[in-house]
Amino acid sequence: MKIIEKFSGVFLIAGVFLFAGAVLSLGIWPAMMVDQVYPRRGLPIDIPEDFQSYYSNLDDYQKAILRGRDLYIREACWHCHSQYVRPVANEELRYGPVSTPGEFNTVLQLPQLFGTRRVGPDLSREAGLKSNDWHFAHLYNPMSIVPETVMPAYPWYFTKTKGKVPVPNADGVAIVAYLQVLGANFKNQRTNLDDTSSETMPPKE
């Protein structure tokens, strides 16, 4: 007993160092490595026509998408909108096939944004479902688009000139750019699979 008490300080210091080492090797270091190896995995490699009036080069467009993701997190959109089609409650009938791990192998899911509640619709495959103008109008005044919605308005993402229609600012465009790439990779993969299956399937008699 006396020997344990004599070395208790040594055990305490060793425990602190082991804990710090575990946090560094299992938490901080892997996170840093992921950012270095896959800094832009899942981001578009060209600018869609709808966004060419906002961004003149691909780098600015990709940075805007990541900015939109950060704003999405900051505004806590993930509290009401999930990004995960779950294998319960017939969700696949509303949002498509149940989500697979490969869909989340993207920088847009660092951190993961599966969500917590199903207050609003799932956004994991939002890309291309609605126009940019729809998203801008919905962001500025949600009830003007969906009267029964409980989503708050976000007018600070717009510049309102007297007597004119509100114009989205850089952050407003960034959020919509982010929403318009959610699930784009999945949809492209599904399209390719459908095309392949149609070519390999024998003709109907």
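Ring pairs join Phe 51, Tyr 54, Tyr 55, Tyr 61 and Phe 136 into a cluster. Rings of Phe, Tyr and Trp (its six-membered ring) pair if their centres lie within 6.5 Å; planes under 30 degrees apart are stacked, over 60 edge-to-face, and the rest tilted. The model is predicted: local features need pLDDT of at least 70, side-chain atom pairs count only at pLDDT 80 or more, and totals for chains, interfaces and linings use all residues. Residues are numbered from 1 along each chain as its sequence is written, and side-chain values use heavy atoms, with hydrogens and water left out.

By the ring rule, the count is 14 aromatic pairs. Take Phe 51 and Tyr 61: their ring centres are 5.8 Å apart and their planes at 40°, so this pair is tilted. Phe 51 sits in the loop between α2 and α3, while Tyr 61 belongs to helix α3, so the pair ties together parts 10 residues apart in sequence. Helices (H or I, at least four residues) and strands (E, at least two) are DSSP runs, numbered from the N terminus. Both Phe 51 and Tyr 61 are buried. Buried means under 20% relative accessible area, exposed over 50%, and partly exposed in between (1.4 Å probe, protein chains only).

Tyr 72 and Tyr 178 make another tilted aromatic pair, 5.3 Å centre to centre with 55° between the planes. Tyr 72 lies in helix α3 and Tyr 178 in helix α7, so the pair ties together parts 106 residues apart in sequence. Tyr 72 and Tyr 178 are both buried.

Now to helix α7 itself. Of its 10 residues (170–179), 8 are buried, so the helix is largely enclosed by the rest of the structure. The buried residues run Gly 172, Val 173, Ala 174, Ile 175, Val 176, Ala 177, Tyr 178 and Leu 179. They pack against α3 (58–74), α5 (132–140) and β2 (167–168). At the start of α7, a side-chain oxygen of Asn 169 comes to within 3.2 Å of the backbone nitrogen of Asp 171.

The surface comes next. Met 32 lies in helix α2 (residues 8–37). Its relative accessibility is 45%, so Met 32 counts as partly exposed.

Finally, the whole protein. Its secondary structure comes to 8 helices and 2 strands. From the N terminus on, the elements run α-α-α-α-α-α-β-β-α-α. Buried residues make up 30% of the 205 residues. Among contacts (heavy atoms within 4.5 Å) with a separation of 6 or more, 63% join residues 24 or more positions apart.

Notes:
A polar contact is a pair of N or O atoms within 3.5 Å; within protein, one must be able to donate a hydrogen and the other to accept it, and residues adjacent in sequence count only if both atoms are side-chain atoms.
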